[in-house]
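Please keep the sequence and the structure in view while reading.

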Amino acid sequence: MSLPQTIALIAHDEKKDDMSDFARRNEAALRQCRIFATGTTGGRVLDACPGLNVTRLKSGPLGGDQQIGALIATGEVDMLIFFVDPLTAMPHDVDVKALMRLAIVYDIPMALNRATAELLVSTGT
């Protein structure tokens with residue numbers, strides 16, 4: 001089974017290292033995909049894997065979460081990988097909840113931690 005064509009990547013600040021490592025470990029699989037990412041996360045992923053097809057959007061708190069939400073709503077994102085930091089308060093928490101709601105409404109696979117992301121990528125879901 002192959003991966004979806006378009007994946008969105010987001011990571012809270014304390015999870016950006018995890019996202020970079022996840023991308024490195026799964027670079028071969030992710031090369032098959034178009035990737036949208038929030039600004040800083042996308043930069044970190046590109047630093048780790050310069051050969052990936054990553055489109056960087058705005059930073060999450062500056063509207064990047066909402067940009068990805070719009071891409072989900074228009075059918076342009078097939079999977080969401082969002083490494084959430086549950087131990088740090090997020091001033092833009094309502095945007096995060098709205099993004100997760102859209103992934104549920106549009107029934108796309110969503111990973112909120114590395115274990116689930118590894119499973120989705122390894123099964124090609």
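## Strand pairing

L9 stands opposite A37 in β2. The model is a predicted one. Strands β1 and β2 pair in the parallel sense, with 4 bridges between them.

Strand β3 covers residues 53-56 and runs parallel to β2, joined to β2 by 4 bridges. Together with helix α3 (residues 39-48), β2 and β3 form a right-handed β-α-β unit.

## Helix α4

Helix α4 spans residues 64-73, and its buried residues are G64, D65, I68, G69, L71 and I72. Viewed down the axis of α4, these buried residues fall within an arc of 160°, so they line one face of the helix. An α-helix has 3.6 residues a turn, so residues three or four places apart point the same way.

Just after α4, G75 has a positive phi of about 80°.

## Cysteines

How many disulfides does a search of the whole structure find? The search finds 0. C33 is in no disulfide, and the nearest cysteine sulfur, that of C49, is 12 Å away. For C49, which is also in no disulfide, the nearest cysteine sulfur is that of C33, 12 Å away. A disulfide would need the two sulfur atoms within 2.5 Å.

C33 counts as buried because its relative accessibility is 4%. C49 is buried too, with a relative accessible area of 0%. The cut-off for buried is under 20% relative accessible area.

Definitions and conventions:
Residues numbered from 1 in each chain as written. Predicted model: local features only at pLDDT ≥ 70, side-chain atom pairs only at ≥ 80, totals over all residues. Heavy atoms only, no water. Buried < 20%, exposed > 50% of the residue type's maximum accessible area, 1.4 Å probe, protein only. Helix = DSSP H or I, 4+ residues; strand = E, 2+ residues; numbered from the N terminus. Arc of directions from axis to C-beta. Pairing = 2+ DSSP bridges. Right-handed = clockwise from strand over helix to strand, strands pointing away.
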